[in-house]
Amino acid sequence: MSPSFRTESPTQRVIHILLLGVMALALVGLVVGLRQGRPAREAEAPAVVHARPHPTAIPATSWAEFDRRTDGPNRRWPPSLAEMRQPALDWEAEPVRTEAGRRAVLAARAARRAFDGAPPTVPHPIDQMSASSCVACHAEGRWIGEGVWAPMMSHPHLPSCTQCHVPKEPTEFEPLLMPENSFVGLAAPLGGSRAWEGAPPTVPHTLFMRNNCLACHGPTAPEAIRTAHPLRVNCLQCHAPSASLDPWWRGFDESDDLLSAVRP
Amino acid sequence: MNAVALDRREFLRRSALTAAGAVVAARGESAGAFSLPLLEQGGGDEVVWDKAPCRFCGTGCHVQVGVRDGRVVAIAGDPLAEVNRGLLCVKGYHVGKILYGADRLTTPLLRRGEGHVPISWDEAIDLMAQRIHAAPDRFAMYGSGQWTIGEGCAANKFMKAGLGSNHIDGNPRLCMSSAVTGFLSCYGVDEPAGCYDDLDACNVLIMWGNNPAEMHPVLFSRVIDRRARGEEILLIDIGTRRTRTTDHCQEYLEFRPQTDLAIANGIAHLLVKNGNYDRDFVAKYCNFRQLDPGQPANMFGKPMTFEEYGAALETYTPEYVERLSGVPAEKIRMLGDLFGDRSRRITSLWCMGMNQHTRGTAINCLVHSIHLLSGHFGRPGDAPTSLTGQPSACGTVREVGTLSHLLPGGRLVANEAHRRDCEDLWNVPPGRIKAAPGYHTVLMFEKFCTPSDAGGDIDTLWVQVTNPGQTLPNLHRLFNRKADLEGKFLIVSEVYPTATTRLADLILPSAMWVEKNGMYGNSERRTQHWFKMVEPPGDARDDCWQTIAVAHRLHDLGHEGMKGRDGEFIFTIRDESGAVVPIWQWQRYYDVNVDRHLFEEYRRFTRYKNKDLAPYDEYVRARGLRWPVVEQTDGTWRETRFRFAGFDDPYVTGGAEIQFYHSVTKDDRAQIWFRPYEDPPEMPDAEYPFWLDTGRVLEHWHTGTMTGRIPELHRAMPRAYVELHPDDARDLGVQRGDVVRIESRRGRLDLPVWINGRGSPARGQVFVPFFDETRLINEVTLDANDPFSRQPDYKKCAVRVSRVPPDGETR
């Protein structure tokens, strides 16, 4: 890239490119017109609507060139992450939590898991080589479009995303028959138990690798599983977890030897 | 729990079962097949959990297996396991599904014409015994690094101490045997000195032709998670192809195939020339060694002096190495400076890149040698560590000795004292074990695929727990040819139909993983245990029982080898009252814990090379123990993390800092080797201008027999493809998704192109994964192998690549 080119402002550059394009098109039109001669009979011209490129648009990469691009899908393509509009969160709104809503949320959750506790599959294509594009949206959680929420990681210290999460839809190759498998996974519970009406519900799932309750129950969560009090951050103060759900505790019930083996 | 809730739960479970069983969905319509049934609150309480090592790779993660109503319903990473600390990879999280593929083999099947017909177990066992009895010398057994330790012990004893035949080999021959010869050449004893704890302590991690982000993801995340916590670790990928591992590395040194030897020599050259090798370590603990031109087949070579060593390395200047390898000289200097800095903690990892190599023994020796020369050995974080691909390649094959030249506990078939020792421990008459090593894998299949009257002296072959019809190199020559031969009989013990059962004459349905008791031994010398948790489907039975049942039928036929010194059947097991338990009858097999008996017998073999194992019950309690496991004065058993290091290894004597107590030179020293770079046997030329590299992907484990039955994994990685460099693709006129033909001198295969997808090879190279049983890349690969380890090279051969027109022939 020459230094003079670098001093050019983006707007100037686009104008230059557009002008060049118009001139080239005119020239091509002239040559084609001259070579075709005048048609014997006037055909009815089809109605063509020419879309005018937005002055800041970056030309799309052609499919043939796609493989040769070295930048990731989010580096230069607008809207950039920073430009994705994020609605203001209401930390004090009282969520409307219904049984039907809870079932719908859990059904959606179950659709991406082989059993309760399995890492969810990824419902969109991914960058096969790099985990940084995962983190771009999922580190903090982000609205990526109308009503589409990219959930926050509940274990941000684990950076090898594709180790555990595989894409659900292959995008590269032709459709295939799926293998038939009769495995029936352990189901997710509909909710924690309450000692009595008004008591705080217990935690119905393992806490292992879930370091941030607000990732799933915070102000961005679906209403049916959203907490009414996100500002009370010491969740386990009131909501008791269950040792029977936590893999850490399994194996301790047989003998105390194990305890000494892992806690010297 | 009240009755109504239980009924509803049962109803939900059944309806979900019916739905899942009926679904064979095409892509995009399959949400139903994946959906979980919803459960009322409090679910999961009735699930019974137990521990097991994961069924897949050699990392040896522990999983917790949740069982309800006799079926596996959930898996969790085991936080009590030191290997994985609660984390798994995508294969491990879905391992429970391997039991429930719709096409599990459930009854013995005998070939009739083009197809197979069901027969009874009794008929199958009888058929096998009759055939073996008629010609025991023409029978061979081919096993696996997925054999449990008990299965390997039974098969090894059956062959070597029963039939008096050494024609038993295991698939680690294709996977680990160059690591074995490397360890033996340098230290006189197999398996890594370090362990996974090195990954927590190193501050430089060098991966030699290794992609742990996909192949050993839990170990890789153990390192990069440290970085996420703020620790500084330099990750260096020395490879031929950009991978997910590369994405996490600060340095990527791309080398031309085979020139890893030049790079290692370049590092040694700099250490000697700059004088920053570890003089003290070398003076106290090392000798120098080279091959003996007079005895080129002798793996242990002959001594050389330090001066001769330096002179041999003279030519390997950074500039010369750059010319050979393509790695810039400054990067070779960077590696030299890293190794020359003792304040660093350097761990090297490698797996198939260095092992599946016609110079596999040599490059293994060289990587050990630069660690020894620089003194990056024996401190936590300073370790040359080979990884294994299978869950018990170490435990069952390298330790139990189920290779054609090995006996249990690091003993050799060719050594008379070792044979006598084993005959005593197995309680069989002296002279029972033959002195000549049996056929190694490539030779075994060559003999099986050669007509009986043309020197093909293996006629009956029993394959257990592996899939050679997909994994052997040059399949047309080493496997497919069997289809046209008369008088050859292939027996395959399997769990699903595979590329191998296609040609089988007799298929035996096997129990798998938590359908049986078992023990595995992982990459870091850790022996692991699990108990049977669910019943196998239909008439599937344990591989170990199959071996013992055939042995007993031979005993009934009067085969003398099936009797020990005392005249008893070689697999005699007595109950507490002293009565013999007829374990060869399936109904009685689980009356005793056969695994415990076989393990306790095998354990007595393990002291000789200081690979001491603890009693069975210690493993029942532990999440695996790393050998040598030595009894303490208070009766507890202590594992060893750092072998040969005085601060940890109880077999180091006299307060030494380091002691190589199985030294080849009998002087407690390790051997630093010089091995020159040499060209591989087949290189790209005008006719076949591309390098072909083959390997694995994260989602599938080896040939996909198990992972291919898991919808989540199959959907993420549905079929084989070929990776091309974008410039090569442009020159060939192909784009992503176009089909190209990969063709070698041995075979050809049509595959879709994937550019800058999962990996990205260098120019002039192509990569194809081998998991896809419908597209066998091993029909194209080369069967040339390392002269010491007899391990083939799946990583480089010459191919040509051409565009297949859309209407052309496609497979």
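How many helices and strands does the secondary structure of chain A come to? I worked from a predicted model throughout.

**Entry 1: chain A**

I counted seven helices and two strands in chain A. Reading from the N terminus, I noted the order of elements as α-α-α-α-α-β-β-α-α. I then looked up burial and found that 17% of the 264 residues in chain A are buried. For contacts in chain A between residues at least 6 apart in sequence, I recorded that 69% join residues at least 24 apart.

**Entry 2: an open sheet in chain B**

I turned to chain B and traced an open sheet of seven strands, ordered 5-4-20-19-18-6-7, with mixed pairing. Its edge strands are strand 5 (115–118) and strand 7 (168–170) of chain B, each of which pairs on one side only. On average, neighbouring strands of this sheet are turned by 20 degrees against each other, direction ignored.

Within the sheet I examined strand 18 (residues 460–464) and strand 19 (residues 489–494) of chain B, which pair in the parallel sense over five bridges. I identified Phe489(B) in strand 19 of chain B as the bridge partner of Thr460(B).

I next asked which strands helix 4 (residues 121–134) of chain B lies across.

**Entry 3: strands 12 and 26 of chain B**

I looked up strand 12 (residues 286–290) of chain B and found that it pairs with strand 26 of chain B in the parallel sense over four bridges. Cys286(B) stands opposite Ala670(B) in strand 26 of chain B.

Are the residues of strand 26 (residues 670–673) of chain B buried or exposed? I found Ala670(B), Gln671(B), Ile672(B) and Trp673(B) all buried. Ala670(B) and Ile672(B) point one way from the strand, whereas Gln671(B) and Trp673(B) point the other way.

**Entry 4: helices 14 and 15 of chain B**

I checked helix 14 (residues 318–325) and helix 15 (residues 329–340) of chain B, whose axes come within 8 Å and cross at roughly 120 degrees. I therefore recorded helix 14 of chain B as oblique to helix 15 of chain B. The crossing is right-handed.

I listed the residues that make the contact: Pro318(B), Glu319(B), Val321(B) and Glu322(B) from helix 14 of chain B, and Ala329(B), Ile332(B) and Arg333(B) from helix 15 of chain B. By class, I noted four nonpolar, no polar and three charged residues in this contact.

Methods. Residues numbered from 1 in each chain as written. Chains lettered and ligands numbered in written order. Predicted model: local features only at pLDDT ≥ 70, side-chain atom pairs only at ≥ 80, totals over all residues. Buried ≥ 20, exposed ≤ 12 C-beta atoms within 10 Å, placed from the backbone. Pairing = 2+ DSSP bridges. Axes fitted to C-alpha atoms, helices over the stretch in contact; angles between N-to-C directions. Parallel < 35°, antiparallel > 145°, perpendicular 65-115°, else oblique. Left-handed = near helix turned anticlockwise from the far one by under 90°. Contact = placed C-beta atoms within 7 Å. Nonpolar A, V, L, I, M, F, W, Y, C, P; charged D, E, K, R; others polar.
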